[in-house]
Amino acid sequence: MNAILSTLRADLAALPQQDFLALSGRVTRFDGQVLECDGFPVSVGTVCRIEIANATAALAEVIGFREGRNLLFLYDLDARIEIGARVSPIAEGNDIAAGPGLLGRVIDAQGHPLDRLGPLELPDKWPLMGKPLNPLLRAPVARPLDVGVRVVNALLTIGRGQRVGIIAGSGVGKSVLLSMMTRFSEADVIVMGLIGERGREVGAMVEQVMQGEARKKVCVVAVPADRSALLRIRGANRATAIAEYFRAQGKEVLLIMDSLTRVAHARREVGLALGEQPTAKGYPPSVVSLIPCLIERSGTGTEGEGAITSFYTVLADGDDTTNDPVVDTARAILDGHIVLSRNQTQMGIYPAVDVGASVSRVMSEIAPPRHLKAATKFRRLMSLYMENRDLMLMGGYRAGQDGELDQAVALWPKLTGFIRQAPNEPASFGDSQKSLIGLMGE
């Protein structure tokens, strides 16, 4: 008996090492978006392979469970799925590869390089959904960050670790403003997530930011609009995870997400496919929970870590910057917002920052009193002129009736000249501050 057992053990040891109990199931239902298969033990977020006859296997991600079956969302929306196709897990999808090799590269939502510069050498791992931080251990926002844009540096001073929204309709210069920040910022590392944008804009933005010395500190995660909703969400999480990784290394990180609205649209698509009820203007509850979870991952780190200063573009449908659910949710959780005005673009003022409607909630804590006084005066004069512009054009106002308005009218060319900045013209924080104080005579 012992001899038989010894022989059996030897035979088993000689067999190739593999998973004898490989997990798999068969497709039982597919409606064009959500795929159901036989249940097998996996967690939400696991990436699976679906075998397709005479074609490359399709990839899908587990998004939930229903009555003992697994629910998956396809990455490739054109995949020809057949009933009975085998579904098997290939990766848990909870960690991403990370390392300094990401700098200077353009990758997709799955971490594959798009720039044809060869494979990535990434020795480290980082959780895709991040590591929770004790809010009481986070460092305060105490120092300004030079973003290279005069109107932002002087009138909406951004702190290291601040989270800011750029709110605007379409075609008012968001992309140009972001490219200026990317090229002129003093951050150690810049992570740009281009989520849900047109393919042409993705290529143009990459060409703008991947230039000169700035290229060495930039990582771009690009997921165009024609990709699956889950890939768009994964791309946003990957960009944030990369920023977290470099923050843990003690780096000052600038995270730019263009756009948060496209991520919300992707989450809405998945939520509705799962049967969630639309509540606020067609958005299910999962969208409202996604936005703060994504934004709260940025900000300052704990002792010994760096900070993630983040900018999230928020598209205002029909230039509605007050009633859109995504705008409202983002505005409530962010540390400030920059509103871009279509009226100013029509007046030829670029960047088209609406100074009166924009705010930085940490500026009062990081800017000196003289700077704050000059910025307050500038905002008052700018708002006063814009409020009375139509009245003056109709001839309903005469000089001498209001001394402060007269000052605003006299300084108007200089006010707009201060805001105007060419896309290839950097403006340092120190120069912006001095110019503002000199203009306001403070």
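Predicted model: local features only at pLDDT ≥ 70, side-chain atom pairs only at ≥ 80, totals over all residues.
1. With a relative accessibility of 1%, S432 counts as buried, because buried means under 20% relative accessible area. The side chain of S432 reaches the backbone oxygen of S428, at 2.7 Å. When residues up to four places away in sequence are not counted, S432 touches R150, N153, A154, F418 and A427.

2. A second residue to look at is A168, whose place is in strand β10, a strand made up of residues 163-168. The relative accessibility of A168 is 0%, and A168 therefore counts as buried. If its neighbours within four places in sequence are left aside, A168 is in contact with K174, V314, L315, A316 and L340. As for C293, which lies 125 residues from A168 along the chain, the C-alpha atoms of A168 and C293 are separated by 22 Å.

3. The next point concerns a pair of helices, and two packed helices are described by the angle between their axes and the distance between the axes. Helix α6, residues 260-273, packs with helix α7, residues 285-295, at an angle of about 140 degrees, and the axes of the two helices are 9 Å apart. In passing α7, helix α6 makes a right-handed crossing.

4. Which residues of α6 and α7 meet? On the side of α6 they are L260, V263, A264, R267, R268 and G271, and on the side of α7 they are S286, V287, L290, I291, L294 and I295. The residues of this contact of α6 with α7 divide into eight nonpolar, two polar and two charged.

5. For the protein chain as a whole, the secondary structure comes to 13 helices and 17 strands, and the C-alpha trace spans about 110 × 45 × 40 Å along its principal axes. The protein chain has 442 residues, of which 51% count as buried; S432 and A168 both count as buried. How many of the contacts between residues at least 6 apart in sequence join residues at least 24 apart? In the protein chain that share is 71%.

Notes: Residues numbered from 1 in each chain as written. Heavy atoms only, no water. Axes fitted to C-alpha atoms, helices over the stretch in contact; angles between N-to-C directions. Helix = DSSP H or I, 4+ residues; strand = E, 2+ residues; numbered from the N terminus. Left-handed = near helix turned anticlockwise from the far one by under 90°. Contact = heavy atoms within 4.5 Å. Nonpolar A, V, L, I, M, F, W, Y, C, P; charged D, E, K, R; others polar. Buried < 20%, exposed > 50% of the residue type's maximum accessible area, 1.4 Å probe, protein only. Polar contact = N/O pair within 3.5 Å; in protein donor to acceptor, adjacent residues only side chain to side chain.
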